[in-house]
Amino acid sequence: MMNRYFMYLAYSGTQYCGWQHQPNGISVQQRLETALATVLRQPSPVTAAGRTDAGVHARRMVAHFDREEPVTDLPLLTEKLNRLLPKDIAIDRLTPVRPDAHARFDALSRTYQYTISDRKSPFNHEWVHRMSLKGLDFELMNEASRALLETSDFTSFSKLHTDVRTNLCRVSHAAWEREGEYWVFTIRADRFLRNMVRAIVGTLFEVGRRKRTVADFHRLIEAGNRSLAGSSAPAKGLALTGVAYPDNLFLPVHP
């Protein structure tokens with residue numbers, strides 16, 4: 001029986017074509033699998049909780065990999081991997097899980113945040129979408145956001161021509177909040193469709209600028225037509241910030 005481990009990591013997506021392997025660019029998955037193969041001296045495929053698009057970041061991604069022999073010193077393996085990985089990918093910790101635990105299919109929920117600001121900063125330009133906030137009505141945007149909790153079909157916010165079998169998702173939280181100089185949209189759901197969060201945010205911007213009404217937002221959700229929604233917000237403001245799992249997936253860590 002193989003030994004399976006969950007890997008908790010963070011990365012800046014600026015320099016990558018996304019999480020998943022692509023023929024025309026370097027992916028986060030590729031970097032991780034190369035580092036693992038080097039340290040473990042065997043091919044080590046990595047499966048993630050989700051597939052972030054090009055330019056999208058992760059403050060908390062979870063992925064799993066298998067190893068025939070158990071890892072006796074997980075902190076040491078974490079350190080070795082971090083030495084090999086580029087500066088924009090960092091592993092926080094490794095933890096043993098049941099052999100049948102799955103980083104993607106066992107996730108109870110995922111949380112994304114989209115961050116905007118109207119202030120220029122040399123320190124956050126890669127992960128904050130800078131835009132004018134003048135006239136942007138966040139109360140209207142939050143009123144519209146509540147409609148996301150009342151629907152399950154997110155076809156209107158899904159990238160077209162994908163290979164997913166269903167566009168049904170359950171959103172449990174969706175709201176804008178002020179955090180210092182930033183406004184942050186936090187959305188939590190059991191699953192997300194490709195481009196879903198960026199499409200939602202881009203459409204909410206139109207509500208906030210009174211180019212659409214809250215009623216319009218409700219109607220476009222019901223229509224199930226991506227062409228009726230707004231343009232997708234830029235990737236740089238989006239980050240995966242959390243993935244939740246059942247406690248019974250995890251095994252005790254022996255000293």
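Helices, counted as DSSP runs of H or I with at least four residues, and strands, counted as runs of E with at least two, are numbered from the N terminus. On this basis Arg210 belongs to the loop between helix 4 and helix 5 (214–223). The model under discussion is a predicted one.

**Overall architecture**

The protein contains five helices and nine strands. Read from the N terminus, their order is β-α-β-β-α-β-β-β-α-β-β-α-α-β. The C-alpha trace spans about 60 × 40 × 35 Å along its principal axes. Of the 255 residues, 51% are buried. Among contacts with a separation of 6 or more, 73% are between residues 24 or more positions apart.

The accessible surface amounts to about 13,300 Å², and carbon and sulfur atoms contribute 48% of this area. The side chains include 34 positive and 27 negative ones, and the centres of these two sets lie 5 Å apart.

Strand 5 (residues 109–117) is largely enclosed by the rest of the structure, because nine of its nine residues are buried. In a regular strand, side chains alternate between the two faces of the sheet. Both faces of strand 5 are covered. Ser109, Thr111, Gln113, Thr115 and Ser117 are buried on one side, and Arg110, Tyr112, Tyr114 and Ile116 are buried on the other.

| Partner of strand 5 | Sense | Bridges | Source |
|---|---|---|---|
| Strand 9 (residues 238–244) | antiparallel | six bridges | DSSP |
| Strand 8 (residues 182–189) | antiparallel | seven bridges | DSSP |
| Strand 6 (residues 129–130) | parallel | two bridges | DSSP |

Individual bridges place these pairings in the sequence. Thr111 has Gly242 of strand 9 as its bridge partner, while Thr115 is bridged to Val184 of strand 8. In strand 6, His129 is the bridge partner of Ile116.

**Loop residues**

Ser158 is located in the loop between helix 3 (138–145) and strand 7 (171–179). Its relative accessibility is 4%, so Ser158 counts as buried. Leaving aside residues up to four places away in sequence, Ser158 touches Asn167, Leu193, Arg194 and Arg226. Ser158 and Asn195 are 37 residues apart in sequence, yet their C-alpha atoms are 6.0 Å apart in space.

Asn195 itself is part of the loop between strand 8 and helix 4 (196–208). With a relative accessible area of 15%, Asn195 is buried, the limit for that class being under 20%.

Most residues other than glycine have a negative phi. Asn195 has a positive phi near 70°, and the phi of Arg210 is also positive, near 65°.

Notes. Residues numbered from 1 in each chain as written. Predicted model: local features only at pLDDT ≥ 70, side-chain atom pairs only at ≥ 80, totals over all residues. Heavy atoms only, no water. Buried < 20%, exposed > 50% of the residue type's maximum accessible area, 1.4 Å probe, protein only. Contact = heavy atoms within 4.5 Å. Areas by Shrake-Rupley, 256 points an atom, 1.4 Å probe, with all protein chains shown as cover. Lys, Arg positive; Asp, Glu negative; His and termini not counted. Charge placed at Lys NZ, Arg CZ, Asp CG, Glu CD.
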